[in-house]
Amino acid sequence: MNESKTEVFGPSRRRVLMGGGAVVAGAVLVGCTSNEPPAASTNTGPVAAPGENSTPGKKVRVTFSGPVADHGFLAAINSFANKQAATYSDVEFKVLEAAADAPAQIAAVQTAIAEKPDALIIFPQDGDQLTGVGKAAMAAGIPVINLDRKFNDQSAYRLFLAGDNYKVGWNAGQYIGQKLKGKTDAIIGEITGIQTLTLTQERSQGFKDALAINGLNVSRQVNAQFTVQSGQQAMANLLAAAPRLDAVFNHDDDQNIGSEAAAAQANRKEFFIVGNACSNTMLKHIKDGDARIEADITFTPAISATAVSLARLIAQGRNPSDLAGLPVPSYMLIDSELVTKENVDQYAKFGWD
């Protein structure tokens, strides 16, 4: 059976795949099902624009489960989801208590399954460990929207929705590779996120592949945990191991806050950093040119707002209005784009704290 797949590539184009065919459509789904990007800053939350899909339909119950918001990105995920749900009069939205670890989240989702919501959004602590409860929910007739950290079995979700992690690394590698191209002795560092996660591995692979095209490679790699504190320690370790650096790719903007602090404390000024996720802090650094942060890659937490919008349509048995009658896709990647001083203003609406 052919699986419909939508990949979102940027602010103005989307490719819809049915089997092996491709159709280019006009706009992306970012935070709303009427396919218009939010006009206001995402600090206030994306709001569904007027359109066929924003017309109230059958009342549905949507439940959301995510990990403890121990850093800004996860807090923004929760915020965007809540604010988007509040725009719908036909959605009863329930947020489960944030899970400190995978077993706690599994227990919470099992309780939610017993309550039989019309749709279940799961941002898993760990995709592999939460696959079982995703499958249990689907078996119980509850459509599951798997957000960001992927389950290892397609039968565990109705829709997988995430940023394009390979493209995150690819864009970072292309930027660094072009700047350092021809510098055969370039020392390039990489600060990863949680190493066991597929998304981290995809970012690293994209980075490695893009550097290789430019005749470069990763000289030093250290690991962090997507937090400010772990980013600071990782950068300190990297600086201790590398007396000289030319560039660093940091997988996460929360980590970047700590990394920049460690670099400033060590008075190391010879290298530049490319970050990821477009936090307001990093966007300001890029705009003002007041730190070594030269570029960032988009990976917006507003995908949780899109998850709410699509969960609503799936639960109501409705189709997105601009997909020519096709159902909600089963797989969606939001494109990851390069942000520099030249284009930073256009990404301000996706910033988060």
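Trainee: How much space lies in the second largest pocket, and which residues are the closest to its centre?

Mentor: Rolling a probe the size of a water molecule over the atoms shows where empty space is left. In this predicted model, the second largest pocket holds about 180 Å³ of space. A pocket here is an open set of points on a 1 Å grid over the protein atoms alone, where a 1.4 Å probe fits, with protein on both sides within 12 Å along at least five of seven lines; points are joined across faces, edges and corners, and the volume is the space filled by probe spheres set on them. The lining (residues with an atom within 4 Å of a point) comprises 15 residues, of which Pro67, Asp70, Gln125, Arg149 and Ile194 are the closest to the centre. As this is a predicted model, local features need pLDDT of at least 70 and side-chain atom pairs pLDDT 80 or more, whereas totals for chains, interfaces and linings use all residues. Residues are numbered from 1 along each chain as its sequence is written, and side-chain values use heavy atoms, leaving out hydrogens and water.

Trainee: What should helix 4 span, and which of its residues are buried?

Mentor: An α-helix has 3.6 residues a turn, so residues three or four places apart point the same way. Helices are DSSP runs of H or I, at least four residues long, and strands are E runs of at least two, numbered from the N terminus. The expected span is 1.5 Å times one less than the number of residues, so the 16 residues of helix 4 (residues 165-180) should span 22 Å, which agrees with the 23 Å between its end C-alpha atoms. Buried residues (under 20% relative accessible area with a 1.4 Å probe, protein chains only; exposed is over 50%, partly exposed in between) in helix 4 include Val168, Ala172, Tyr175 and Ile176.

Trainee: What lies at the start of helix 4, and what comes just after it?

Mentor: A side-chain oxygen of Asp164 reaches to within 3.4 Å of the backbone nitrogen of Tyr166 at the start of helix 4, while Gly182, just after the helix, takes a positive phi of about 90°.

Trainee: Which residue caps the N-terminal end of helix 7, and what should that helix span?

Mentor: Asp252 is the cap, with a side-chain oxygen 3.0 Å from the backbone nitrogen of Asp254. The 13 residues of helix 7 (residues 253-265) should span 18 Å, and its end C-alpha atoms are 18 Å apart, which agrees. Among its buried residues are Asp253, Asp254, Gly258 and Ala262, and just after the helix Asn267 takes a positive phi of about 60°.

Key: Polar contact = N/O pair within 3.5 Å; in protein donor to acceptor, adjacent residues only side chain to side chain.
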